Amino acid sequence: MSDLPPTIAWHDGVIRIIDQRSLPNSLEFLDCSSVEELCHAIATLAVRGAPALGAAGAFGVALAAQIDGDPRAVRGEAGRIVNTRPTAVNLRWGVERALKAFEYGAADSCLATAVQICIDDVAANRSIGRYGADLIPVRAGGAQVLTHCNAGHLATVGFGTALGVVRVAHERGNVANVWIDETRPLLQGARLTAWECGQLGIPATVIVDSAAGVLMSAGKVDAVVVGADRIAANGDVANKIGTFSIAVLAHYHQIPFLVAAPVSTVDAATRTGADIEIEDRDETELAEFNGRQIVGAGVSLHNPAFDVTPAELITAIVTDLGAVTPQRLYEILI
Ligand code: MRU
């Protein structure tokens, strides 16, 4: 099984990211040498996925500190980075950690913190993978697992959260097939998760988002594993739009619904899912397909990027510290 280059890293004074906008057609790298370039990369989803955004936020502060070490300037740039995307709490978490290192140390400690976040992220994802794989029902010939969006290597610094669970289960011989929701409108499933599975030799099948129900009713889904952008203190989970619908379907069919995320995605300051700000994205993402207009004039468009799955629909939240029911999330918060 081959491994993939890190999604994000510090490289000779610039932030080097895999440019996810070019996948699956080509594997290209984008160097961000200013906070403005980084913010543009985040806003246009060149770099995306909650844990990868955490690392991007921390590197962004380190970059700002190297360009102009004036504390007011660094704080200003930090605020600008946090404001690029509101839902994934890891972005703010990474920015705040790096900012703290800068305030207690200097530009170098800020960069060291960002690098450490990257190292910790991969280690955390491997732990999540092991804890999560234990919860995938064992089937002769391997289980069929459904995932939504991309919570893989590309959404993290490396290895992935939900797809990390799939990777470990596959290494254990317990994955017959991964059903990948294409994930409208930006196709993170079809473009990114499918590419990763292909690179890693994991058997996978792309489906339209609306196919999940019929597959579940036919007994072709043994477990659902998704990532998270923010987990509220009561166990409600914000993730890519469409996650909630799959959770309802899984609940109806009594299929385990697992949320895989590092502890940094748990936001104790957010009491319930109702308190999570949901990003509204540009209407053109919905109105156009492949550069062509697909919605006629005379109607309005609504394009929320995330939804909230209530805790009661979630079988387990799988973190790097272990798997818990959403109702017992406090155990990993204390
Ligand atoms: O808009 P995106 O592509 O950043 O949304 C990503 C997701 O919703 C992921 O499932 C989530 O960030 C978890 S990534 C490990």
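Guide: What follows describes the contact between the domains, and then the cores and salt bridges around it.

The model is a predicted one. The domain assignment of the protein gives two units, domain 1 (8-128) and domain 2 (131-333). Taken over C-alpha atoms, the centres of domain 1 and domain 2 are separated by 23 Å. To the contact, domain 1 contributes 31 residues and domain 2 contributes 37 residues. Between them the domains bury about 2900 Å², and 58% of this area lies on carbon and sulfur atoms. On the side of domain 1, the residues that lose the most area to domain 2 are Arg-48, Thr-87 and Ile-128; together they account for 25% of what that side buries.

The polar part of the contact can be counted as well. Between domain 1 and domain 2 there are 19 residue pairs in polar contact, both residues being at pLDDT 80 or more. The elements of domain 1 that give two or more residues to the side touching domain 2 are H2, H4 and H5. Of these, H5 supplies the largest share, eight residues. The count of salt bridges between the two domains is two.

Glu-279 pairs with Arg-85, and their closest N and O atoms are 2.9 Å apart. Both Glu-279 and Arg-85 are buried. Arg-85 lies in the loop between H3 and H4, and Glu-279 in the loop between E11 and helix H10 (284-287), so the pair ties together parts that are 194 residues apart in sequence.

Leaving out residues up to four places away in sequence, Asp-267 touches Val-89, Arg-92, Arg-230, Ile-231, Ala-232 and Ala-233.

Next come the nonpolar cores. In soluble globular proteins, nonpolar side chains tend to be buried together. The largest nonpolar core of this model has 39 residues. Ile-8, Ile-15, Ile-17, Ile-42, Val-61 and Ile-81 are the members that touch the most others. Strand E2 (14-18) gives two or more residues to this core, as do helices H1 (35-43), H2 (50-67), H3 (71-82), H4 (89-104) and H5 (107-133). The largest share, twelve residues, comes from H2. Ile-81 illustrates the packing: apart from its neighbours within four places in sequence, Ile-81 is in contact with Val-35, Leu-38, Cys-39, Ile-42, Gly-57, Gly-60, Val-61, Leu-91 and Val-95. There is also a second, separate core, of 27 residues, which includes Ile-246, Ala-261, Val-266 and Val-324.

The remaining topic is the set of salt bridges elsewhere. A search of the whole structure finds 15 of them. One is formed by Glu-36 and Arg-80, whose closest N and O atoms are 3.8 Å apart. This pair links distant parts of the chain, with Glu-36 in helix H1 and Arg-80 in helix H3, 44 residues apart. Glu-36 counts as exposed because its relative accessibility of 54% is over 50%, whereas Arg-80, at 35%, counts as partly exposed.

Another salt bridge joins the side chains of Arg-139 and Asp-222, at 2.9 Å from N to O. Arg-139 lies in the loop between H5 and strand E4 (143-147), while Asp-222 lies in the loop between helix H8 (212-217) and strand E7 (223-226), so this pair ties together parts 83 residues apart in sequence. The accessibility of the two partners is as follows: Arg-139 counts as partly exposed at 38% relative accessibility, and Asp-222 is buried with a relative accessible area of 11%.

To return to the part requested, the contact between domain 1 and domain 2 buries about 2900 Å² and includes two salt bridges along with 19 residue pairs in polar contact.

Note on methods. Residues are numbered from 1 along each chain as its sequence is written. This is a predicted model: local features need pLDDT of at least 70, side-chain atom pairs count only at pLDDT 80 or more; totals for chains, interfaces and linings use all residues. Side-chain values use heavy atoms; hydrogens and water are left out. A nonpolar core is a set of buried Ala, Val, Leu, Ile, Met, Phe, Trp, Tyr and Cys residues joined through side-chain atoms within 4.5 Å. Buried means under 20% relative accessible area, exposed over 50%, partly exposed in between (1.4 Å probe, protein chains only). Helices (H or I, at least four residues) and strands (E, at least two) are DSSP runs, numbered from the N terminus. Contact means heavy atoms within 4.5 Å. Domain bounds come from an automatic or database domain assignment. Buried area is the accessible area (1.4 Å probe) that two parts lose on being put together, summed over both. A salt bridge is a side-chain nitrogen of Lys or Arg within 4 Å of a carboxyl oxygen of Asp or Glu. A polar contact is a pair of N or O atoms within 3.5 Å; within protein, one must be able to donate a hydrogen and the other to accept it, and residues adjacent in sequence count only if both atoms are side-chain atoms.
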